Amino acid sequence: MDDPTQLSLRALRRAVELANAWIEDLPSRPINVGATPHQMAEQLDEPLPETGTDPDSAVTEWMRRAEPGIVTSSGPRYFGFVVGGTLPAALAGDILTSTIDQNGGIWSLSPAAAQTELVVARWLKELFGLPMSWRGVMTSGATMSNLVGLAAARQWASERLGFDAAEDGLGGHPPIPVISSEAIHASARKALGNLGFGRSSVRTVPAPDGRVDVAALERELASIDGPVIVIGNGGEVNTGQFDDLKALAELCRSHRAGAWLHVDAAFGLFAAVSERYRHLVSGIELADSVCADAHKWLNVPYDSGFAFVSRPEVHAASMSHSAAYLTGSTEQVTGSSFVLGSSRRGRGFAVWAALRELGREGVADLVDRCCRHARHFAEVLTAGGARIVNDVVLNQVLVDVNADADAVAAAVREEGTCWLGATTWRGQRLLRISVSNYATTTADIERSAEAILRVAERVRAETAG
Ligand SMILES: *Cc1c(COP(=O)(O)O)cnc(C)c1O
């Protein structure tokens, strides 16, 4: 066999060459229209290779064959979903994370990973103004962070009702009601489904303009005698709107049997970093758990999220596990006692690098800049005859171009300047824009707005003709 060290170095050099080409092209690369499943299968779908190949050939071959299906989603003119790019230090930190291949599950497997995660959790609490007594933990994203927060909520409620949900399950016990607004994110429902509440068990109250109707929520709470879980939304995915978290926290605190407030703030939590937008999350520090993403607005590579829980005891009771081979090690911290996984990626490194690169000022600047771009986008589109449907409170813009939104979004993607999607908001199909990439410039916004207006006009003409 060839020397493993030399093979690794050759493969890695090849990967770096391919990565260099990608990064150099990124700002100018057309937004990929997305290959069809048939095209991708033609490129990649084949029987398991019987014989091996050089590591560097494997890398080269995958990149060449996958190329037609690689979307420029980390580029500066990608405005679909809420995606974010890749900060330079986070990118390099992530590559190093794979290189050193640490298991972040328990202290003895990697003191470096464990301590980094602890520091990152503390930095993030400082950054967002969350209480230092909370436990923060890295996850694979906000869906998993929703699951972590809601598992702690379930544990807390079961203990108040005299049982142990993690130990005994929910069967045979009084149901634990969950209330949220109709704007609840699908991932919170998914977490509830997997926690045994059931996706459709959520009692939803109206959220005109994306913000929960607090009086309606108060009435719903008043109708419940036992402990209850309330899910607040900090950054609604269409409008970027926020529930009045302070009002929600006060209602929860005054509920006679107790109420746990979990806030889904996957990208909205970043408002807390900016002088200008901080008021939007005012009261979040009074919540019981908060979920957020690093791979969206912090511009860290996929996948990376974090969860914060105010009560470390119920948090640990809901997630910890033990085994004979795990006990006896000198574990100050066991990251895996606070999340679903056991073995886990050392996700702290890339986030540490991102926060070290930017500092508090840099993160604030990133958030302010994206929001300024979103407002400018709205202005240019308005000047061109489009109608902005939402109040642009953060980085999300909903646009009515007086033409079939899905057709316009598809034609814009095909035209190649920028990527956007469509959404349904209050029964209407609209273009949806999210500005979340650190590298986006004013020129990117103006070019993209011009392309959207031009394509929309063409689609209108085609439909009329
Ligand atoms: C993106 C998002 C999620 C899900 O996060 P993932 O990282 O994709 O798992 C949850 N809630 C909100 C509000 C989001 O925007």
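This is a predicted model: local features need pLDDT of at least 70, side-chain atom pairs count only at pLDDT 80 or more; totals for chains, interfaces and linings use all residues.
User: Which residues touch the most other members of the largest nonpolar core?

Analyst: Start with the general idea. In soluble globular proteins, nonpolar side chains tend to be buried together. Here the largest nonpolar core has 88 residues. F128, L381, L394 and I433 touch the most other members.

User: Which helix gives the most to this core?

Analyst: Helix α12, residues 348-383. It contributes 14 residues.

User: How do α12 and α14 pack?

Analyst: Read the angle and the axis distance together. Helix α14 covers residues 442-464. Its axis and that of α12 are 9 Å apart, at an angle of about 35°. The crossing of the two helices is right-handed.

User: Which residues make that contact?

Analyst: From α12 come H373, H376, F377, V380 and L381. From α14 come T442, I445, E446, S448, A449, I452 and L453. Sort them by class and you get seven nonpolar, four polar and one charged. Note L381 of α12. L381 was also named among the core residues that touch the most other members.

User: At what angle do α2 and α3 pack?

Analyst: The angle is about 155°, with the axes 9 Å apart. Angles over 145 degrees count as roughly antiparallel. Therefore α2 is roughly antiparallel to α3. Helix α2 spans residues 37-44, and α3 spans residues 55-66. Their crossing is right-handed.

User: Which residues of α2 and α3 are in contact?

Analyst: M40, Q43 and L44 belong to α2. W62, R64, R65 and A66 belong to α3. By class, that gives four nonpolar, one polar and two charged residues.

User: Is T97 buried or exposed?

Analyst: Look at relative accessible area. Under 20% counts as buried. T97 has 5% relative accessibility, so T97 is buried. T97 sits in helix α4, residues 88-100. Beyond residues up to four places away in sequence, T97 touches Q102, R345, G346, F349 and A350.

User: Is V273, a loop residue, buried or exposed?

Analyst: V273 lies in the loop between β5 (259-264) and β6. Its relative accessibility is 6%, so V273 counts as buried. Setting aside residues up to four places away in sequence, V273 touches L127, F128, R278, R360, V363 and A364.

User: How far is the C-alpha atom of V273 from that of L124?

Analyst: V273 and L124 are 149 residues apart along the chain. Their C-alpha atoms are separated by 10.0 Å. Now take another pair. P206 and W352 are 146 residues apart along the chain, and 39 Å separates their C-alpha atoms.

User: Where is P206 found?

Analyst: P206 is in the loop between β3 and α9. Its relative accessible area is 39%, so P206 counts as partly exposed. P206 is in contact with E182, R211, V212, D213 and A216, leaving aside neighbours within four places in sequence.

User: Which phi value does D209 have?

Analyst: D209 has a positive phi of about 65°, although it is not a glycine. D209 lies in the loop between β3 (203-205) and α9 (214-222). D209 is partly exposed, at a relative accessible area of 43%.

User: What about the phi of N402?

Analyst: N402 has a positive phi of about 55° and is not a glycine. N402 lies in the loop between β9 (396-400) and α13 (405-415). Exposed means over 50%. At 60% relative accessibility, N402 is therefore exposed.

User: What is omega for the peptide bond from Y302 to D303?

Analyst: Omega tells you whether a bond is cis. In this case omega is near -15°, and the bond is cis. D303 is found in the loop between β6 (289-293) and β7 (305-309).

Technical notes: Residues are numbered from 1 along each chain as its sequence is written. Side-chain values use heavy atoms; hydrogens and water are left out. A nonpolar core is a set of buried Ala, Val, Leu, Ile, Met, Phe, Trp, Tyr and Cys residues joined through side-chain atoms within 4.5 Å. Buried means under 20% relative accessible area, exposed over 50%, partly exposed in between (1.4 Å probe, protein chains only). Helices (H or I, at least four residues) and strands (E, at least two) are DSSP runs, numbered from the N terminus. Axes are lines fitted to C-alpha atoms, for helices over the stretch in contact, and angles run from 0 to 180 degrees between N-to-C directions. Angles under 35 degrees count as roughly parallel, over 145 as roughly antiparallel, 65 to 115 as roughly perpendicular and the rest as oblique. A crossing is left-handed if the near helix is turned anticlockwise from the far one by less than a right angle, and right-handed if clockwise. Contact means heavy atoms within 4.5 Å. Ala, Val, Leu, Ile, Met, Phe, Trp, Tyr, Cys and Pro count as nonpolar, Asp, Glu, Lys and Arg as charged, and the others, Gly among them, as polar.
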